[in-house]
Amino acid sequence: MNDKNSSRPVDLEAIKQAVRTILVAVGEDPDRSGLLETPRRVADMYAEMFSGLHIQPERHLEVTFPESYDEIVVVRDITFTSMCEHHLLPFSGTAHVAYLPNGCVTGLSKLARVVEEVSRRPQVQERMTQTIADMIEKHLNSSGVAVVIQAEHSCMSIRGVRKPGSETITSALRGVFKKNAASRAEVLSLIKS
Ligand SMILES: [Zn+2]
């Protein structure tokens, strides 16, 4: 998916036209002064929100450092905002990323960068969680990976069922954190503590 998309940058003009069409369709006058710049602003916003389609987040994990440390590494409370692919409305929250090094470690900020870039795509929270876990497992060759994401979806809070404050929690466990109950309990307690 990435390879195909990376050769096709965001078409700002097409978005501007589409936003104009939507404004007309909802009964607005896209030529009134308050709306004149709206198509351009929305196009710029989408280019930013979907910038993760045009990069490979896993590139941040390519540089690793040999290290004998073999206990759990956790980076908690990585804030993000993504776009629900069903409604194109934002969902925001925090991601907690943990891994068990297997001979090498990565820079801690790289884990946050992976979360940030994976979030900048049309997403569902479930797939986002799995994508991050798979990238870390593969590129760090980790013995275990745990990713927990908690987020509020505006498509649930401002429309539809209209339940502001409800939180969706997803987790993806790999390796020893999936197989071993004690390891899983340890990593989840570190994430929650
Ligand atoms: Zn949605």
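The protein chain holds eight helices and seven strands. The model is predicted: local features need pLDDT of at least 70, side-chain atom pairs count only at pLDDT 80 or more, and totals for chains, interfaces and linings use all residues. Residues are numbered from 1 along each chain as its sequence is written.

The C-alpha trace spans about 65 × 40 × 20 Å along its principal axes. Of the 193 residues, 28% are buried. Here a residue is buried if 20 or more other C-beta atoms lie within 10 Å of its own, exposed if 12 or fewer, and partly exposed in between, with C-beta atoms placed from the backbone. Contacts were also sorted by sequence separation. Of those between residues at least 6 apart in sequence, 72% join residues at least 24 apart. A contact requires C-beta atoms, placed from the backbone, to lie within 7 Å.

The domain assignment divides the chain into domain 1 (12-52) and domain 2 (57-192). Such bounds come from an automatic or database domain assignment. The C-alpha centres of domain 1 and domain 2 are 32 Å apart. Four residues from domain 1 and eight residues from domain 2 make up the contact. On the domain 1 side, two residues are nonpolar, two are polar and none is charged. In this scheme Ala, Val, Leu, Ile, Met, Phe, Trp, Tyr, Cys and Pro are nonpolar, Asp, Glu, Lys and Arg are charged, and the others, Gly among them, are polar.

An unreviewed UniProt entry annotates residues 15-191 as "domain: GTP cyclohydrolase I". UniProt positions follow the numbering used here, feature names are shortened, and annotations may be inferred rather than shown by experiment. Over residues 15-191 the chain is 40% helix and 27% strand. The end C-alpha atoms of that stretch are 40 Å apart.

Helix α2 covers residues 12-25, 14 residues in total. From its first C-alpha to its last, α2 reaches 20 Å, close to the 20 Å expected at 1.5 Å a residue. The expected span is 1.5 Å times one less than the number of residues. G27 follows α2 and has a positive phi, near 100 degrees.

Five strands form an open sheet in the order β5-β2-β3-β6-β7, with mixed pairing. Strands pair if DSSP finds at least two bridges between them. β5 (122-123) and β7 (168-175) stand at the edges with a single partner strand each, so one side of each lacks a neighbour in the sheet. Strands β2 (residues 73-84) and β3 (residues 89-100) run antiparallel and are joined by 10 bridges. In one of the pairings, F80 has G93 in β3 as its bridge partner.

Strand β2 also contains D77. Most residues other than glycine have a negative phi. D77 is not a glycine, yet its phi is positive, about 60 degrees. D77 is exposed, with 11 other C-beta atoms within 10 Å. R162 likewise has a positive phi, near 50 degrees, in a residue other than glycine. R162 sits in the loop between α6 and β7. With 9 C-beta neighbours inside 10 Å, R162 is exposed.

The unreviewed UniProt entry places a "binding site" feature at C84, H87 and C155. These positions span 72 residues in sequence, but no two of their C-alpha atoms are more than 7.7 Å apart, so they gather at one spot. C84 lies in strand β2. C84 is partly exposed, with 18 other C-beta atoms within 10 Å. Residues up to four places away in sequence aside, C84 touches L89, F91, Q123, H153 and C155. C155 belongs to helix α6 (residues 154-157). C155 is also partly exposed, having 16 C-beta neighbours inside 10 Å. With residues up to four places away in sequence left out, C155 touches C84, H86, H87, L89 and G160.

P66 lies in strand β1 (residues 65-66). P66 is exposed, with 8 other C-beta atoms within 10 Å. Apart from neighbours within four places in sequence, P66 is in contact with G103 and C104. P66 and Y99 are 33 residues apart in sequence and 15 Å apart in space, C-alpha to C-alpha.

Conventions
Contact = placed C-beta atoms within 7 Å. Helix = DSSP H or I, 4+ residues; strand = E, 2+ residues; numbered from the N terminus.
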